Each structure stands twice: as structure tokens, then as C-alpha cells.
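Me: Please take a close look at one strand of this model and its pairing, then at the ligand site. Give the cut-offs as you go.

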Amino acid sequence: MKKAPLPVQNVHRSDKNVAGKEALVKLLRWHFGHADFRGKQLEAIQAVASGRDCFCLMPTGGGKSICYQIPALAKPGIVLVVSPLIGPFFVSILLKENQVMALKEKGIAAEYLSSTQATHVRNKIHEDLDSGKPSVRLLYVTPELIATKGFMLKLRKIHSRGLLNLIAIDEAHCISSWGHDFRPSYRQLSTLRDSLADVPVLALTATAAPKVQKDVIDSLSLRNPLVLKSSFNRPNIFYEVRYKDLLDNAYNDLGNLLKSCGNICAIIYCLERTTCDDLSVHLTSIGISSTAYHAGLNSKLRSTVLDDWLSSKKQVIVATVAFGPGFIVILLFASYYVWELLGRAGIDKKDVRMVCHLNIPKSMESFYQESGRAGRDQLPSRSVLYYGVDDRKKMEFILRNSENKKSPSSKKPTSDFEQIVKYCEGSGCRRKKILESFGEEFPTQQCKKTCDACKHPNQVAHCLEELMTTGSRRHNSSRIFITSSNKMTNEGQYSEFWNRNEDGSNSDEEISDSDDVSEAAKSLAGPKLSKKLGLDEKLVLLEQAEEKYYERNKQVKKSEKNAISEVLRESSKQRLLDELARVLQQLASENEIDSQKACEFLENECYRRYSKAGKSFYYSQIASTVRWLGTASREELMTRLSSVVSTGREEEPIEEDLSLVTEQTENIKEEADGKINTAESQVGDQTQEVVSRSPIKLPHIPSFSEFVNRKKMKQNTSAGKSSEDFDDEKKPAKIMKLQ
Ligand SMILES: Nc1ncnc2c1ncn2[C@@H]1O[C@H](COP(=O)(O)OP(=O)(O)OP(=O)(O)O)[C@@H](O)[C@H]1O
Ligand SMILES: [Mg+2]
């Protein structure tokens with residue numbers, strides 16, 4: 001049942017005064033049921049309540065959210081919470097939704113704004129914000145939304161009415177390129193101070209590196225901030241490393257470990273989604289209720305899986321881990337969707353008793369964040385990392401690629417990785433290694449045997465010795481530990497991480513991220529794919545690789561091979577939705593288009609055109625549509641999407657009825673103008689004037705074959721014709737820029 005909010009006047013003495021401890025504790029008890037504030041929570045709350053900026057460094061699970069949730073209850077007005085869009089769009093929205101729901105259950109008027117919400121829900125929130133007396137107290141938004149002109153004007157208006165009490169930047173380390181999780185959209189938050197100079201800013205992070213702290217404070221232009229730092233020690237977590245190379249079977253070991261702990265709630269992180277599936281099947285087969293969670297599942301299934309785990313219907317969730325944007329570039333094209341589930345995604349499941357890493361994480365920070373999901377209720381919990389030399393090499397390879405992608409001189413990923421390698425391969429106290437990597441001194445005796453190295457030093461020393469010997473034998477080398485793997489990229493043994501960009505073409509999306517084609521890509525990968533090969537040769541190789549794959553899978557019938565599965569269609573819709581949401585946010589046009597319907601329309605169009613031709617062509621068309629979304633002007637989007645969606649003519653191909661579309665656009669434009677006038681023009685958004693009344697030529701989305709032909713034409717310099725010439729000949733009215 002919902003709780004009634006405590007009357008505000010009971011809590012705050014006056015708008016200017018620092019809120020009294022007693023009143024704040026009362027709020028904490030009433031709404032959250034906690035007896036008292038933890039660590040530096042009260043100091044942070046009192047600082048921002050008095051109008052001071054604050055930088056708050058607390059470990060994962062330390063209770064950062066309370067630092068902005070209580071201020072939202074202590075004074076009339078709004079607390080704006082900026083938190084990142086983490087991982088695939090749907091999941092992050094789901095998590096925000098969960099958080100907001102949980103707050104509402106506590107009687108707190110919280111909302112989130114996102115372009116994936118139904119238009120009427122979004123409109124209602126906007127109406128509330130524009131009302132002059134908003135009922136919402138905690139408003140969660142993304143940095144992308146803050147960057148839009150329309151929303152910033154809206155904030156200014158709220159502020160001018162004296163209703164913007166605080167801006168909380170959660171996961172503030174994302175603003176720093178030194179952080180492990182840098183997000184370019186966070187950079188845009190630096191304009192907040194200029195636009196809303198006197199609103200206190202609270203920056204919250206669990207990333208402890210001093211240069212990140214400085215970067216955050218500078219980037220957000222925090223003024224004389226109160227800097228609050230808590231220890232990063234998580235005394236209730238027991239840290240342990242198990243050595244895969246010394247185990248008969250890591251799956252069995254993990255299964256036995258989970259069984260020996262009883263019916264506990266656990267998270268297992270894996271590097272690859274096939275491992276997630278295999279491991280989940282294995283655990284289920286031995287009677288452990290488990291479920292896999294990764295991007296290979298459609299969004300509906302993902303949501304069910306997550307719900308099952310959150311509600312403890314399933315005991316163990318086996319999920320893929322997160323990588324930064326650099327990794328996405330590498331992995332996406334090899335079909336290894338990158339996925340951040342429970343690492344920093346704000347999931348607050350308190351009773352996770354164990355977090356296992358089946359593969360080595362990419363850095364100490366990632367490890368700390370992910371293992372920190374255990375024991376958020378402060379009860380004894382466990383972190384178990386399964387370390388294998390092969391895993392380490394694989395990760396080194398990925399990291400090296402990522403470095404090369406960013407800048408050849410960037411050595412951050414590998415140097416961060418060395419810390420976690422030392423954590424696994426060193427013999428000293430694990431807890432000390434974690435804390436020292438964050439610059440925190442920690443005397444070993446304070447560990448009090450809460451890591452394997454302190455509890456069983458001889459056993460760990462013995463394992464390390466054995467690992468050294470086994471490793472030397474296996475790898476025929478005298479050095480196993482902390483080796484450099486400069487040669488990895490030449491060995492070709494990790495072909496699943498083949499970097500498509502190597503081929504120098506811009507046709508990345510033409511490689512389907514459906515499993516089958518990625519398998520083909522695997523076969524094609526590695527040394528076979530020389531940079532010197534031209535496009536034709538590469539296409540031939542791709543075809544051969546595809547054939548090889550299907551030969552290997554005799555059970556796959558020819559017809560099935562080309563079929564477009566529901567899973568692929570779902571993931572394509574999601575992909576379109578992600579891109580459209582991003583673009584609409586950038587254009588501050590979320591209210592004008594029902595993204596869900598628009599993406600269904602676009603996907604349906606691709607499907608209708610290419611379902612017979614097969615999935616490569618279908619996928620290629622999806623990829624082109626995504627590209628088009630990314631480059632289309634607002635005018636083009638409006639013309640193409642608003643008209644179709646709002647008139648319910650989803651099934652009609654646009655080119656077939658251009659005049660109708662134009663006519664519809666006129667109507668929609670009028671309708672949209674009306675909406676804009678009420679919702680957006682109140683904040684004076686000049687950018688809304690773009691919709692044109694003149695007939696608009698619809699952009700053509702090139703098919704895969706057109707794309708290849710264009711490539712060929714580009715190569716064919718001797719013919720003396722440009723690719724545009726070629727297209728002009730073929731399809732005079734349908735030219736689209738391919739970058
Ligand atoms: N004063 C308190 N007393 C008891 N429990 C608390 C208190 N403050 C917060 N908690 C609980 O601690 C848990 C973690 O809180 P929260 O999600 O805010 O952590 P966080 O610092 O944001 O972590 P993360 O970095 O993982 O996002 C929650 O279950 C919350 O209810
Ligand atoms: Mg948090």
C-alpha cells in the first residue's frame with residue numbers, strides 16, 4: 001500500500017535553513033524504513049539542502065540514492081536526477097521504471113522521462129512540469145535529454161518559479177574520460193552550471209580514482225563543493241579466486257559451490273552469451289534454479305527473466321558483462337552483443353549472497369562494481385572469481401584492440417587490466433589489493449581473514465605455484481604470470497572478436513548480428529582476412545564462410561537458413577527503437593512521434609521488402625534504416641514517421657503514395673503545431689519550426705546490393721564515373737548519401 005507523504009512543513013524549518021537532523025531522520029524512517037543515516041548520507045543531504053554543491057564518493061551499495069531522495073522530500077519543488085542510459089535502451093528504461101515504481105510505492109512522487117514511454121504518459125509528466133505547481137518531486141532524466149534545448153528551457157522555467165531544488169548527477173564518473181565508464185553524453189552536463197547557476201549540484205559516484213574526482217568537480221564546475229569520501233571497503237564480502245586451470249571443470253565446481261551454499265540468490269557474470277546459456281542449462285540440470293540473461297533474448301523474455309530473478313522465482317542469474325563503447329565497436333560486429341545488466345545498472349536487489357565471475361573482468365573497477373552487487377543488505381556475502389590463463393589472454397586481446405581503436409597511445413584499458421590480473425595472480429590480501437587500487441591504504445590485519453589469501457594463505461600459495469607449473473607446461477613457456485600478449489592479434493585464435501573495421505569498408509552493419517552470420521564472420525576472421533583484399537574477395541570469402549557454416553550444421557535446412565526469425569525481427573525493432581529514441585531526444589521531438597509504432601512500421605517495411613530475399617538482405621535494410629535515422633533531418637523524420645504512424649497506414653509503402661504522404665504531413669504538421677504550441681512553445685523552443693509545408697522527396701534507403709554496387713563503382717576509378725553518376729543512372733529519384 002502507498003504511504004502518505006509526510007507534510008513538508010514538519011521537515012524543513014525554512015527554505016534557506018539547513019534541515020534539522022531529527023526531521024530528516026523522521027523522513028528516512030517514514031518513507032524508507034531505515035533507522036538512521038549511514039556513513040556520510042546526512043552530511044551530503046544537509047550540504048545540498050543549504051544550497052552547497054557536494055561531491056559524494058561512496059562505494060557500491062553505500063546508499064547514494066538517499067542523498068538525493070531525502071532532499072526531494074524535505075522541501076517543495078523538484079529534484080532532478082540525471083542518470084545514464086546504461087546498456088541497451090530497453091533494459092535501462094526497465095530499471096528506471098523499477099526504481100520509480102519502488103519510490104511510488106513508498107509514497108514518493110517520482111517519474112522518469114524517456115522517449116520509449118507512451119506518448120500520453122510523457123505528455124502527462126510534461127503537463128505537470130508546465131503546470132506551475134508540479135506534483136512530481138523526483139524527476140529522473142538522461143543526460144541526452146538535458147542536452148536538448150527544449151528541455152533546458154523547461155528547466156529554466158521551473159527554476160524561475162523557484163521550484164528546482166537540486167540537480168543530482170548519479171554515476172558522475174561517466175563525465176570523466178578517465179573513468180571506467182565514460183559516456184560522451186555526460187560531457188554535455190557541463191552546461192548545467194551556466195544555465196542554472198544557483199541550483200546546488202550533487203555529484204555521486206562509486207569511482208574512487210583521484211583524477212576522476214578532480215575531473216568530475218572541474219567538468220561540472222562545482223563551486224566550493226563539500227567533498228565526502230567513504231571507505232571503499234566492503235567488509236561483509238568475502239573475496240576469493242579459483243583457478244580454472246587447476247580445476248577439472250569450472251562448471252561443476254561452481255555448481256557444487258552454489259549447492260553447498262543452499263538456496264541463495266546469486267549473479268554469475270560471463271563474457272559470452274553462449275557461456276551464459278550453457279552454464280544456465282548446466283546449473284538447471286543439477287537442480288539449481290537458474291536463468292540466462294543476455295542480448296540474444298528478445299525484450300519480452302529479458303523482462304520476464306529479470307522479473308523472475310528480482311522476485312526470487314529464480315535463484316541464479318547468469319548474465320553477460322558490460323564493456324565500454326570501445327568494446328562495442330569491436331564486439332558488435334562479431335555478434336557478441338555487449339550487455340550491462342547488473343553491474344552499474346542501479347538494480348537494487350539486497351539479498352544477493354554471491355557474485356561469481358566466470359571470466360576475468362576487464363578492470364579492478366569493473367570487478368569492484370560487479371562484485372559489489374553482493375551483500376547490499378550488509379549481510380555476509382561472497383565474491384568468487386574464476387581465473388583462467390586463456391581467459392586472461394582473450395581479455396588482453398580485446399583490450400588491446402580497444403586501445404588501438406581509441407588511440408594508439410592510449411594504454412588505459414591494459415594498465416587497468418593489469419591490476420585485476422595482479423589481484424588473481426598475486427598471493428597477498430585480496431581486499432588490500434582492491435582498496436589500494438583505489439588509492440586507499442589498508443593494513444592487511446584489518447582484513448580479518450575475509451579473503452582466501454588471508455584465511456588460507458598456504459592453500460593459495462600452493463595453487464599459485466601449481467598454476468605456474470601447469471601453465472609453463474601447457475604454454476611451453478617459463479613465464480605465465482602477467483605476460484604481455486602483443487602477439488595476440490596475429491595469432492588469429494580469438495576469431496570471434498574479429499574486428500570488422502579492419503576491412504576498411506563502411507558496411508559494418510551488413511554483417512548480421514544474427515548468430516548464423518556471425519558464425520560466418522568467425523570463419524572468415526583472423527589471418528585469412530588480409531587488409532589487402534578488395535571488397536569482392538571479401539564478399540566471396542564471406543559467402544564461402546557462410547556455406548562452410550551451413551555445411552557444418554547439416555540439420556539446418558536451406559529454407560531455414562534464410563528465414564527471418566521472430567527473434568531477429570524483435571532485435572531489429574529494438575535496434576531501430578534505440579536509434580530513434582536517441583535521435584528524437586537529440587531533436588527534442590519525443591512527444592511528436594510514437595517511437596514504438598514508428599519502429600514497427602520501419603521494421604515491417606524492411607520485412608515486407610526483403611522477407612523473400614532472406615535475412616542478409618533484410619538485415620542490411622535494417623542497418624540502412626538505422627543509418628538513415630541517424631542522419632535524417634527532423635523534417636525528414638516528421639514526414640516519414642509522423643504521417644504513417646498517426647494515420648495508421650503502416651502497411652503502405654511510402655514511395656507508392658508520395659502525394660498522400662505529403663498531404664498527411666500537412667495535417668500532421670498542423671496537429672503537431674498545436675501540440676508544440678501547448679507543450680513546447682511554452683518553453684520557447686525555436687527549433688520546433690522546422691517542419692516544412694512543401695512536398696518532400698522521401699529519402700531512399702539503399703539495399704545491400706545497391707550498397708555493394710556503389711562500393712564497386714567507387715573502386716572502379718578507371719570507369720571515370722562517380723558513385724553518384726551510377727546511382728543517377730539507375731535510380732534518378734532515389735539517392736541517399738552513404739557515408
Ligand atoms: N541509511 C540506510 N540504512 C539502511 N539501509 C540503507 C540506508 N541507505 C541506503 N540503504 C540501502 O542500501 C542499499 C543501497 O542503496 P543505493 O542503491 O542507494 O546504493 P548506491 O550507493 O546508489 O549503490 P550503487 O553504486 O550500486 O548504485 C539499498 O538497499 C538501500 O535501501
Ligand atoms: Mg546508485
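Reply: Leu80 has Leu139 as its bridge partner in strand E4. This is a predicted model, in which local features need pLDDT of at least 70 and side-chain atom pairs count only at pLDDT 80 or more, while totals for chains, interfaces and linings use all residues. Residues are numbered from 1 along each chain as its sequence is written, chains are lettered from A and ligands numbered from 1 in the order in which they are written, and side-chain values use heavy atoms, with hydrogens and water left out.

Strand E2 (residues 78-82) runs parallel to E4 and is joined to it by 4 bridges. Strands are DSSP runs of E, at least two residues, numbered from the N terminus; two of them pair if DSSP finds at least two bridges between them. E4 also pairs in the parallel sense with strand E3 (residues 110-112), over 3 bridges, and there Ala110 stands opposite Leu138. E4 itself spans residues 138-141 and is covered on both faces: Leu138 and Tyr140 on one side, Leu139 and Val141 on the other, are all buried (under 20% relative accessible area, 1.4 Å probe, protein chains only).

Among the polar contacts, pairs of N or O atoms within 3.5 Å, an N or O atom in the side chain of Lys64 is 2.7 Å from an oxygen atom of ligand 1. A backbone N or O atom of Asp36 lies 2.9 Å from a nitrogen atom of the ligand.

Technical notes. Buried means under 20% relative accessible area, exposed over 50%, partly exposed in between (1.4 Å probe, protein chains only). A polar contact is a pair of N or O atoms within 3.5 Å; within protein, one must be able to donate a hydrogen and the other to accept it, and residues adjacent in sequence count only if both atoms are side-chain atoms.
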